[in-house]
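Please read the sequence and the model side by side.

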Amino acid sequence: MTTHPATPHADHGPVRAHGTRFRHADGTPFHPWTTSVPQADEDTLHALAASPFNKVRLLDASLPLDRLDHQVGALGALGVQAEVQLRGRDIPETVRRLAGRSNIWWCAPPDPEAQTDIQEHDHGHHPLTVHGAPDTDFGAPWITHASVAHPQTRAVSGLVRDLCKPVVVDDCGSEGDDPDDPEQALPGAELLCRIWEAVCRGGYGSHAESWGPDPWSAGGGLLSGTAVERLAFLRTVLDEAPAGLGHTPETHDASTLEAPGEYVLQYHGPHRYPRRSFALAGGPWSVEILDTWNMTARSLDDSGGGKVTVELPAEPYLAVRLRRR
């Protein structure tokens with residue numbers, strides 16, 4: 001795996017849901033790049049420091065509270081948000097202990113009484129979700145965002161539209177070689193495709209790995225898959241995008257993210273389109289073809305706006321990025 005040296009991170013304050021997106025307390029957008037591990041031990045923290053991930057789901061409910069508190073603090077020192085699974089834990093004790101951590105998120109049991117306990121003891125009012133299939137009830141006002149388990153990430157756009165809150169597909173499959181579950185034995189290209197689809201449909205997708213006898217998502221320690229460095233490329237693409245992004249529903253055959261009049265990011269997945277046309281506001285616009293697997297951006301001639309047709313090399317896993325200058 002190609003490593004990504006850690007860079008100093010600015011403290012923009014706690015993350016909160018804002019409409020269908022997230023942002024820090026100072027207004028800086030926050031795009032969650034999430035992976036799942038049981039706990040964040042020293043080896044896992046070292047791997048995360050060299051990764052694109054800025055949010056981790058901590059799934060081991062048996063981890064002693066002192067160690068959990070230490071790990072949440074260590075993740076915060078790396079600039080990583082920590083979502084704690086509360087099912088199976090003493091909720092009042094856990095929430096009281098961790099509520100002072102600015103990087104904490106809660107994954108609640110589906111029981112409304114348990115969710116009330118979380119709110120009662122969470123003086124920091126941190127992000128709170130439940131995790132489940134798309135038909136889970138995510139609509140309660142205290143549930144700040146949806147944490148979805150679903151392999152079809154193109155469904156994100158409908159959930160964002162219906163819920164009017166952020167949607168993260170926190171279980172969309174795993175890159176790996178699990179012989180018993182095809183969803184845990186995805187090629188890296190397929191997992192990457194699912195996450196790109198989620199992003200360009202107005203939501204987010206999460207990473208998981210299930211390679212070998214000691215996989216990342218079951219024990220942490222070492223990232224070994226092919227998707228990670230490609231997710232770093234996607235993170236850079238989204239970090240360079242403007243605020244105000246939303247899915248464009250009129251484009252049914254290609255997932256499209258847009259800031260109207262300013263920015264377009266269209267992902268083509270496995271389709272080998274020879275060309276794509278766009279209706280743009282008055283230019284000039286920069287035009288780029290992104291190869292999401294090989295992590296390249298090829299600039300074409302600028303456009304002056306109006307109807308623009310982009311000729312493509314008819315290869316899979318491409319995206320088109322249009323930016324108004």
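How many of the 13 residues of H6 are buried? The count is 12 of 13, so H6 is mostly covered; buried means under 20% relative accessible area, exposed over 50% and partly exposed in between, with a 1.4 Å probe and protein chains only. H6 is a helix running over residues 188-200. Helices (H or I, at least four residues) and strands (E, at least two) are DSSP runs, numbered from the N terminus.

The model is predicted, so local features need pLDDT of at least 70 and side-chain atom pairs count only at pLDDT 80 or more, while totals for chains, interfaces and linings use all residues. Residues are numbered from 1 along each chain as its sequence is written, and side-chain values use heavy atoms, with hydrogens and water left out. The pLDDT is the predictor's confidence in each residue, from 0 to 100. Its mean over the protein is 95, and 97% of the residues reach 70 or more. Residues 1-8 have a pLDDT below 50, and this stretch has 14 contacts in the model beyond near neighbours in sequence; contact means heavy atoms within 4.5 Å.

Back to H6. From its first C-alpha to its last the helix reaches 18 Å, close to the 18 Å expected at 1.5 Å a residue. The expected span of a helix is 1.5 Å times one less than its number of residues. Among the buried residues of H6 are Leu 191, Leu 192, Ile 195 and Val 199, and also Arg 194 and Glu 197. Just after the helix, Gly 202 takes a positive phi of about 95°.

Helix H2 (residues 65-77) can be read in the same terms. Its 13 residues should span 18 Å at 1.5 Å a residue, and its end C-alpha atoms are 18 Å apart, which agrees. The buried residues of H2 include Leu 65, Leu 68, Val 72 and Leu 75, along with Asp 69 and Gln 71. What covers the buried residues of H2 includes helix H1 (42-49), strand S5 (55-58), strand S6 (81-85), helix H3 (91-98) and S7. After H2 comes Gly 79, whose phi is positive, near 80°.

Now the rings. A pair of aromatic rings is described by the distance of the centres and the angle of the planes. Rings of Phe, Tyr and Trp (its six-membered ring) pair if their centres lie within 6.5 Å; planes under 30 degrees apart count as stacked, over 60 as edge-to-face and the rest as tilted. The structure holds 4 aromatic pairs. One of them joins Phe 22 and Trp 105: the ring centres are 5.1 Å apart and the planes stand at 50°, so the pair is tilted. Because Phe 22 lies in strand S2 (residues 21-24) and Trp 105 in strand S7 (residues 104-107), the pair ties together parts that are 83 residues apart in sequence. Phe 22 is buried at 2% relative accessible area, and Trp 105 is buried at 0%.

The rings of Trp 196 and Tyr 267 also have their centres 5.1 Å apart, but their planes are at 25°, so this pair is stacked. Trp 196 belongs to H6 and Tyr 267 to strand S17 (residues 263-267), so the pair ties together parts that are 71 residues apart in sequence. Both Trp 196 and Tyr 267 are buried.

Phe 22 and Trp 105 form one aromatic cluster with Phe 30 and Tyr 204. The charged end of Lys 55 sits over the ring of Trp 105, 5.0 Å from its centre. A charge sits over a ring if NZ of Lys or CZ of Arg is within 6 Å of the ring centre and within 35 degrees of the ring normal. The charged end of Arg 276 sits over the ring of Tyr 273, 4.5 Å from its centre.

How many disulfides does the structure hold? There are 0, where a disulfide is a pair of cysteine sulfur atoms within 2.5 Å. The sulfur of Cys 193 is 10 Å from the closest cysteine sulfur, in Cys 172, too far for a bond. Cys 193 is buried, with a relative accessible area of 6%, whereas Cys 164 is exposed at 54%.

Finally, Gly 132 lies in strand S9 (residues 131-132) and is buried, with a relative accessible area of 10%. Not counting residues up to four places away in sequence, Gly 132 touches Phe 138, Ser 147, Val 148 and Ala 149.
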